[in-house]
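Please open the model in a viewer and keep the selection tool at hand.

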Amino acid sequence: MTGMLTQFRSYERSARLLMVNQFTINLGFYMLMPYLAAHLSGTLGLAGWLVGLVLGVRNFSQQGMFLVGGALADRFGYKPLIVAGCVLRTLGFATLGLVDSLSALLAASAATGLAGALFNPAVRAYLAAAAGDRRLEAFALFNVFYQAGILLGPLVGMVLTGVNFRVTCLVAAGIFALLSLVQIRALPARGDESAPDGGGRREAGLPSPWRGVLANRPFLLFSGAMIGSYVLSFQVYLALPLEVRRLGGDGEFGTAAVAGLFAVSGLSTILGQTRVTRWCKARMTAGRALARGLLTMGLAFVPLLAATALPVPAEGPGRWALAAVPPALCALLLALGTMITYPFEMDTIVRLSGNRLVATHYGLYNTICGIGITLGNLLTGAALDASRSAGLPALPWIALPVLGLACSAALYGLHRTGRLAPAAAPAPAMG
């Protein structure tokens, strides 16, 4: 911890502020979102499909607008988009706690999603610029703050929601309001310094920069290969909890075992991320690290595959161990794979962009991976259903490692053919 604190202090003030901000952003987000569905269905009495609609609108507005948010950040500078995102999420979270009409709930949900699309690409592009040659280590430390917010947020939200969900919404809105003020007062203005005017402003209209990013073939190939990492890591929220509850039930043990999955994932990242990044940087290139990270994530499901060969006890400690231990090992290996890939992934995006339109590249990358997560979760859900109906419990635990191996091979191929090498900065676009 002392070494991590020393490393944190070694960065310039703006980079440190962005890391703390990301912790606070995730704290405010995750103290509210895990309990929103229960509020909509329980307190407000909405039908299940309406709950899904409200939650889906948030996800769609975020994933669908990442490219726009990134392009705006490159055009107008990173700080205005970070501030706008925080202000918009303040309004969205406050509205979620104060209204009960469907139209207002949909508008608030869309606002919270759009907020993420505005500040996420801008934050990452800003951090990449502020960290300079130390991008890799900066993104490793950034992920520590990121995971700490995810870990602490639901615990704070559980306490506040025990009082009243409206209190949770207003506290979360207050956190984002405070963040907005902090960004306005303390965050220096910064944009894409490679732009002709030094602030990311380009010729009128945004389609031209989009065309340039969409023509970046190595970047698109890299984005497609990295989809697997997001599909695999998301199983901590989908396949693993379902497997725990299938064997452990929906009672107190099942709830505790699912909470344990998130604790294993978050704590291992907080404690190990900077060490893993330092070890990988000293021993392998970015392409090899990415390929091995995806391989680790694919192999993470082997304990679950092996567990399907064991007889399932009817009850007792044996069944509880089978329900808890293989998923926990899987969560730990998924976290390790993510620790290996994440800093190199973020750094590779900057290199493939040629340090031009970095936020736009991050925005498109998030959109591609978001679409991939949606499709991957649909297929994973179908595999889980098919495995139960056909009596083939091993089916999903075979399919997911195959995905990891395929994406690992794709990344290694991109590395071997030189497609992950730094791109030359393109000539300035003409108006």
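**Conventions**

This is a predicted model, in which local features need pLDDT of at least 70, side-chain atom pairs count only at pLDDT 80 or more, and totals for chains, interfaces and linings use all residues. Residues are numbered from 1 along each chain as its sequence is written, and side-chain values use heavy atoms, with hydrogens and water left out.

**Stop 1: the two domains**

Select 11–189 as domain 1 and 213–421 as domain 2; these bounds come from an automatic or database domain assignment. Their C-alpha centres are 23 Å apart. Domain 1 brings 26 residues to the contact and domain 2 brings 30, where contact means heavy atoms within 4.5 Å.

How much area do domain 1 and domain 2 bury between them? The value is about 2,400 Å², with 68% of it on carbon and sulfur atoms. Buried area here is the accessible area (1.4 Å probe) that two parts lose on being put together, summed over both. Now select Arg135, Leu136 and Leu151: these residues supply 24% of the area that domain 1 buries against domain 2, more than any other three residues.

**Stop 2: the face of domain 1**

Colour helix 4 (48–76), helix 6 (102–131) and helix 7 (135–163), the elements that give two or more residues to the side of domain 1 that touches domain 2. Helices are DSSP runs (H or I, at least four residues), numbered from the N terminus. Helix 7 provides the largest share of that side, 13 residues. By class, the side of domain 1 that touches domain 2 has 17 nonpolar, five polar and four charged residues. Ala, Val, Leu, Ile, Met, Phe, Trp, Tyr, Cys and Pro count as nonpolar, Asp, Glu, Lys and Arg as charged, and the others, Gly among them, as polar.

**Stop 3: salt bridges**

The structure holds five salt bridges, and two salt bridges are counted between domain 1 and domain 2. The criterion is a side-chain nitrogen of Lys or Arg within 4 Å of a carboxyl oxygen of Asp or Glu.

Select Arg135, Asp347 and Arg351, which are linked in a network of salt bridges. Arginine 135 pairs with aspartate 347, their closest N and O atoms being 2.7 Å apart. Arginine 351 also forms a salt bridge with aspartate 347, at 3.2 Å between the closest N and O atoms. Arginine 351 and aspartate 347 both lie in helix 15 (residues 317–353), four residues apart, about one turn of the helix. Is aspartate 347 buried or exposed? Aspartate 347 counts as buried because its relative accessibility is 12%, the classes being buried under 20% relative accessible area, exposed over 50% and partly exposed in between (1.4 Å probe, protein chains only). Arginine 351 is buried as well, at 16%.

Next, select glutamate 137 and lysine 281, whose side chains meet in a salt bridge (2.4 Å, N to O). This pair links distant parts of the chain, with glutamate 137 in helix 7 and lysine 281 in helix 12 (residues 252–283), 144 residues apart. Glutamate 137 is buried at 18% relative accessibility, whereas lysine 281 is partly exposed at 45%.

**Stop 4**

Move to threonine 380 in helix 16 (residues 358–389). Leaving aside neighbours within four places in sequence, threonine 380 is in contact with Val231, Gln235, Leu238, Ala239 and Leu400.

Select serine 223 in helix 10 (residues 217–233). With neighbours within four places in sequence left aside, serine 223 is in contact with Tyr365, Ile368 and Cys369.

Beyond its neighbours within four places in sequence, leucine 160 is in contact with Met31, Val167, Thr168 and Val171.
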